[in-house]
Amino acid sequence: MTNRDMEAIVDTSDEWIVQRTGIRQRYVAGDDETTASLGEAAARAALANGGLTPADIDLVICATSTPDNTFPATSVNIQNRLGMNHGFAFDVQAVCTGFVYAVTTADAYIRGGLAKRVLVIGAETFSRILDWNDRTTCVLFGDGAGAIILEATEGEGTVADRGVLTAHLRSDGSHKEKLYVDGGPSTTGTVGKLRMEGREVFKYAVGMITDVIQAAFDSTGTTADDLDWLVPHQANRRIIDGSAKKLNIDAAKVVITVDLHGNTSAASIPLALATAAGDGRIKKGDLVMLEAMGGGFTWGAVLLRW
């Protein structure tokens with residue numbers, strides 16, 4: 001759905017959307033698609049890319065704020081769709097930071113010896129919780145899914161190791177009213193619609209993002225110069241550019257897909273990874289920073305060696 005398509009729905013314009021967000025188009029799930037069906041497709045693509053089958057996976061973690069059902073977890077649905085009747089599965093809900101939280105959780109399970117190979121999925125159908133009469137929010141979000149696979153390997157305990165090197169997660173519930181959904185099972189008994197105070201979110205975003213990225217650098221003794229790629233949550237081009245500039249990260253090292261997908265919440269980082277790895281930019285051995293901020297507020301960063 002292009003910005004021109006949005007002009008026919010609400011009082012907006014392609015120029016306004018691009019200037020303020022960098023978004024040019026987004027995808028909307030079809031009537032026969034759900035978060036689980038999108039997640040399954042992403043999972044199968046990741047498995048095929050890794051030369052693996054569902055039998056090779058011990059754990060499935062799905063990051064989503066738009067589950068198929070209140071319960072069971074969407075990850076269990078995906079597990080079943082993949083034909084898995086072994087291992088275990090659960091969802092992570094941290095809104096746009098969900099994929100960062102999920103990768104960190106998978107890393108902890110691997111380090112703790114509870115899983116050897118983890119399928120981590122970010123999948124969303126945000127179109128189902130949008131108020132299509134609210135031009136300040138409906139133009140921003142899209143649907144999609146992406147996935148990666150983490151597996152246990154022996155390392156030397158240095159930044160040269162492959163995999164997750166460090167992770168830094170934060171949350172502050174005092175900001176709830178700035179970005180939330182106005183419904184839920186125990187409050188309204190309805191799904192609700194997304195509500196956002198855009199200026200307030202923007203005001204906090206750059207500071208929070210740079211905080212966790214700098215923490216990742218400090219804990220590993222690395223700097224922006226060592227980084228090969230920054231893969232940020234794709235919410236707003238101005239937030240991404242502002243964060244990179246504040247941290248002195250070369251703009252050429254920043255993966256941008258917000259123009260193609262819009263804000264797909266927990267799916268945005270894996271979609272960006274799939275794009276950049278697929279076109280050959282991200283290569284084996286590259287130092288990659290993932291970062292995101294979402295409703296709650298939640299925010300976090302993961303530094304990994306691809």
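Q: Taking buried as under 20% relative accessible area, exposed as over 50% and partly exposed as in between (1.4 Å probe, protein chains only), is H168 buried or exposed?
A: H168 counts as buried because its relative accessibility is 16%. This is a predicted model, in which local features need pLDDT of at least 70 and side-chain atom pairs count only at pLDDT 80 or more, while totals for chains, interfaces and linings use all residues. Residues are numbered from 1 along each chain as its sequence is written, and side-chain values use heavy atoms, with hydrogens and water left out.

Q: In which strand is H168?
A: H168 is in β5, residues 163-171. Helices (H or I, at least four residues) and strands (E, at least two) are DSSP runs, numbered from the N terminus.

Q: With which side chains does the H168 side chain make a polar contact?
A: There is one with the side chain of T166 at 2.9 Å and one with the side chain of S219 at 3.2 Å. A polar contact is a pair of N or O atoms within 3.5 Å; within protein, one must be able to donate a hydrogen and the other to accept it, and residues adjacent in sequence count only if both atoms are side-chain atoms.

Q: And what else is H168 in contact with, leaving aside neighbours within four places in sequence?
A: The residues in contact with H168 are V212, A215, A216, S219, W299, G300 and A301. Contact means heavy atoms within 4.5 Å.

Q: Where does T166 lie, and is T166 buried or exposed?
A: T166 lies in strand β5 and is buried, at 13% relative accessibility. The side chains of T166 and S219 are joined by a polar contact of 3.1 Å. Not counting residues up to four places away in sequence, T166 touches A216, S219, T220, A301, V302 and L303.

Q: Changing topic, what does the domain assignment give for the protein chain?
A: The assignment gives domain 1 as 3-151 and domain 2 as 163-305. These bounds come from an automatic or database domain assignment. Taken over C-alpha atoms, the two domain centres are 15 Å apart.

Q: How many residues of domain 1 and domain 2 are in contact?
A: Contacts link 44 residues of domain 1 with 43 residues of domain 2.

Q: What area do domain 1 and domain 2 bury between them?
A: About 3,200 Å² is buried between domain 1 and domain 2, with 65% of it on carbon and sulfur atoms. Of the area that domain 1 buries against domain 2, 18% is supplied by C96, V100 and I129, more than by any other three residues. Buried area is the accessible area (1.4 Å probe) that two parts lose on being put together, summed over both.

Q: How many salt bridges are found across that interface?
A: The rule finds 1 salt bridge between domain 1 and domain 2, a salt bridge being a side-chain nitrogen of Lys or Arg within 4 Å of a carboxyl oxygen of Asp or Glu.

Q: How many residue pairs are in polar contact between domain 1 and domain 2?
A: The count is 19 residue pairs, both residues being at pLDDT 80 or more. On the side of domain 1 that touches domain 2, at least two residues each come from α2 (14-21), α5 (98-111), β3 (117-125) and β4 (143-151). The largest share of that side, 8 residues, comes from α5.

Q: Which residues of helix α9 are buried?
A: In α9 (residues 268-278), the buried residues are S268, I269, P270, L271, A272, L273 and A276. They pack against α5, β3, β4, β8 (229-232), α8 (258-261) and β9. After α9 comes G280, with a positive phi near 90°.

Q: Which peptide bonds are cis?
A: Among them are the bond from F71 to P72, with omega near 5°, and the bond from G296 to F297, with omega near -10°. P72 is in the loop between β1 (59-63) and α4 (74-81), and F297 is in the loop between β9 and β10 (298-305).

Q: What is the phi of V95, and what is the phi of N248?
A: V95 has a positive phi of about 55°, and N248 has a positive phi near 60°. Most residues other than glycine have a negative phi, and most peptide bonds are trans. V95 is buried at 19% relative accessibility, whereas N248 is exposed at 62%.
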